[in-house]
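The sequence and structure are shown first.

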Amino acid sequence: MLHLGIMHPINAVGKEQAFVDAIKILKQNHADVKALFEEVEGLGDRASARRKQIFEEIDKALTVHSQVEETIFYPAFKERAENREERLEVLEAYEEHTNVKKMLTELETTDPKTEEYSARLNVLKELVLHHVKEEEGTMFKMAREMMDREELAQLGERIAQEEEKAGLDVR
Ligand SMILES: [Fe+2]
Ligand SMILES: [Fe+2]
């Protein structure tokens, strides 16, 4: 189970809605996935059933997260990008997602008892950690410059809805 610790917007009476900023949700997704990687690392090679189970959670979390970024957050970023650096930032992110997806697909068909499985899981983790560092260290900072609070809140609302629909435990 992923616990995102995110509040739903208050759709109650009145004009004021408490939206959650898109970047906060995406960072929480990152933290959840990192925690799953740590959990899987703490397991011995013999705990293959549990490793497989955690991998399935990682797989789902990364798939849903990538999808909301690719369909909601990245397009908004791309639209706002004003220079080569910003355009490359988002293009690079799409490429990194492609690599992550490729490794997820490989792992889905690898026997969790094998050393190949451990190797692929390690590579997946490296790919994800690098990507997350790039997003949090550069891309999200650019996004904060490009978009105002309201826009980030609207994106956040859409992201939260999609994640919930996809079955991530968004609270
Ligand atoms: Fe990403
Ligand atoms: Fe991300």
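Predicted model: local features only at pLDDT ≥ 70, side-chain atom pairs only at ≥ 80, totals over all residues.

## Overall make-up

The chain contains five helices and zero strands. Read from the N terminus, its elements follow the order α-α-α-α-α. The chain has 171 residues, and 31% of them are buried. Of the contacts between residues at least 6 apart in sequence, 69% link residues at least 24 apart.

H1 is made of 20 residues and reaches 29 Å between its first and last C-alpha, close to the 28 Å expected at 1.5 Å a residue. Its buried residues are Ala-22, Ile-23, Ile-25, Leu-26, Asn-29, His-30, Asp-32, Val-33, Leu-36 and Val-40. H2, H4 and H5 are among the elements that cover these buried residues.

How are H1 and H2 arranged, by angle and distance between axes? They pack at an angle of about 160°, and their axes lie 10 Å apart. H1 is therefore roughly antiparallel to H2, as the angle is over the cut-off of 145 degrees. The crossing of the two helices is left-handed. On the H1 side, the residues that meet H2 are Ala-22, Leu-26, Asn-29, Asp-32, Val-33, Leu-36, Phe-37, Glu-39 and Val-40. On the H2 side, their partners are Arg-51, Ile-54, Phe-55, Glu-57, Ile-58, Ala-61, Leu-62, His-65, Glu-69 and Phe-73.

## Helix H3

H3 covers residues 84-108, 25 residues in total, and reaches 36 Å from its first C-alpha to its last, close to the 36 Å expected at 1.5 Å a residue. Glu-89, Val-90, Ala-93, Val-100, Leu-104 and Leu-107 are buried in this helix. An α-helix has 3.6 residues a turn, so residues three or four places apart point the same way. The buried residues of H3 pack against helix H2 (48-80) and helix H4 (115-146).

## Arg-144 in helix H4

Arg-144 is located in helix H4. Is Arg-144 buried or partly exposed? Arg-144 counts as partly exposed because it has 13 C-beta neighbours inside 10 Å, whereas a buried residue needs 20 or more. Arg-144 lies 121 residues from Ile-23 in sequence, but the C-alpha atoms of the two are 8.6 Å apart in space. Ile-23 is one of the buried residues of H1.

## Helix H5 and the residue after it

The 17 residues of H5 should span 24 Å at 1.5 Å a residue, and the end C-alpha atoms are 24 Å apart, so the two values agree. Leu-152, Leu-155, Gly-156, Glu-157, Ile-159, Ala-160 and Glu-163 are the buried residues of H5. The elements covering them include H1 and H2. Gly-167 follows H5 and has a positive phi, near 90°.

Definitions and conventions:
Residues numbered from 1 in each chain as written. Chains lettered and ligands numbered in written order. Helix = DSSP H or I, 4+ residues; strand = E, 2+ residues; numbered from the N terminus. Expected span 1.5 Å × (residues − 1). Buried ≥ 20, exposed ≤ 12 C-beta atoms within 10 Å, placed from the backbone. Contact = placed C-beta atoms within 7 Å. Axes fitted to C-alpha atoms, helices over the stretch in contact; angles between N-to-C directions. Parallel < 35°, antiparallel > 145°, perpendicular 65-115°, else oblique. Left-handed = near helix turned anticlockwise from the far one by under 90°.
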